[in-house]
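Please keep the sequence and the model open side by side.

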Amino acid sequence: MSAIPITYNLRNLRLRIGATAMTALGIALTVAVAIMIMALLAGLRQAFTSSGDPLNVLVLRKGADAEMQSFFSHETFNDLKSLPGIAHTADGTPMVSGEMVVIIVLPRRDGTAEVNVTLRGMTPVGIQLRPDNHIIEGRWWRPGQREVVVSGSVHNRFSGTDIGDRIRFGKGWWTIVGVFDAHGSAAESEIWSDVYQMGTDFGYTGGYSSGLIRATDPSTAQALAKRVEDDARLKLAGMPEMKYYADQTKAGAPIQYVGTIVAIIMAVGSCFAAMNTMYAAVAYRSREIATLRTVGFSRASILTSFVIEAVLLSLIGAAIGIVLMLPLNGVSTGTSNQVTFSEVVFSLRMTPGVIGTAITFAIFMGLIGGLAPAWHASRQDILSALRD
């Protein structure tokens, strides 16, 4: 005998609109939570994996995992600039930037808290090493001046970060002269200034936290990183800049851990809700099920039909959950970076992969919640059901 048509399942979902709506809403909320978690992680991964340039090599002191843990001298930096494979500017200057990373505290615009923000000092070449970042308001800082530029995200999230405002750190006040766009990269969480002026203020005049080097081509970048590592004079470690930022995606571990637990708990509840709805449907339609068996539909057809109905119910919930989350796509938020101990800004990203995983999650809940009631429906005694 042929399978029971899906139109039969859709009709039954419409007839029990109240139970269908309540169960679908429960599944929708579970799917929305799952999408929230995955969108947060997708946004965080994009912020880090889109950071860096394939031609850039980041240099740290050997044994250091982050720029804040690293320090090397001016003499070492000068030796670093002499390595073969380094690109040069039009005037012949090696494209190497000595940099310093420290943490300052800024208040949020909504007044809820004060948060650690990354302050990066760099040489003028450092701006050239990041060609994708550009000024959207004001201008870049000038060497030797107590001036800073802030990213667009820092400007939007923290008070006192408009052009012309002054912020206090180090030994005095610094003037904000520009806002730059970092295109969603990790630099969206940073403030930039002149490394030499910062070094004077923070007492780090003897060297740098890190170095950023531009190689002549991508293959040379790998060789240059190894050359830095192997040079006994330097005692430095070199790595592709993109790898350094990709490794920082572990900042999303707490979000993933807590969110997964919440999603699992809600998924269990949604599975039971779907199961209760389908058991109620079986009890309500016992005579109808017996009639289907009498006219020739097999037990397998009955089981398949009820499983399909539970999956359709879950897909309705998934669609509602996706629609509920759409307004949050692209919304900026922040979390603590376990590597830099500062806030990292990123945007929620409802990518096709996130939506596909959410739909798969909903189908799984429908299968778990519908299988037992479907089995019960397929095993009903025909004569007893007809007499009831």
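Which residues does Met 365 touch, not counting residues up to four places away in sequence? They are Ile 27, Thr 30, Val 31, Ala 267, Ser 270, Cys 271 and Ser 314, where contact means heavy atoms within 4.5 Å.

## About the model

This is a predicted model: local features need pLDDT of at least 70, side-chain atom pairs count only at pLDDT 80 or more, and totals for chains, interfaces and linings use all residues. Residues are numbered from 1 along each chain as its sequence is written, and side-chain values use heavy atoms, with hydrogens and water left out.

## The largest nonpolar core

The largest nonpolar core has 38 residues, and Val 31, Ile 35, Tyr 244 and Met 365 touch the most other members. Such a core is a set of buried (under 20% relative accessible area) Ala, Val, Leu, Ile, Met, Phe, Trp, Tyr and Cys residues joined through side-chain atoms within 4.5 Å. Helix α2 contributes the most, with 12 residues; helices here are DSSP runs (H or I, at least four residues), numbered from the N terminus.

## Helices α1 and α11

The axes of α1 (residues 6-15) and α11 (residues 299-325) come within 9 Å and cross at roughly 55°. Axes are lines fitted to C-alpha atoms over the stretch in contact, with angles running from 0 to 180 degrees between N-to-C directions.

Among the residues that meet are Leu 10 and Leu 13 in α1, and Leu 312 and Ile 316 in α11. Ile 316 also touches Ala 24, and lies 7.9 Å from Ala 28, C-alpha to C-alpha, although the two are 288 residues apart in sequence.

How values were computed. Helices (H or I, at least four residues) and strands (E, at least two) are DSSP runs, numbered from the N terminus. Buried means under 20% relative accessible area, exposed over 50%, partly exposed in between (1.4 Å probe, protein chains only).
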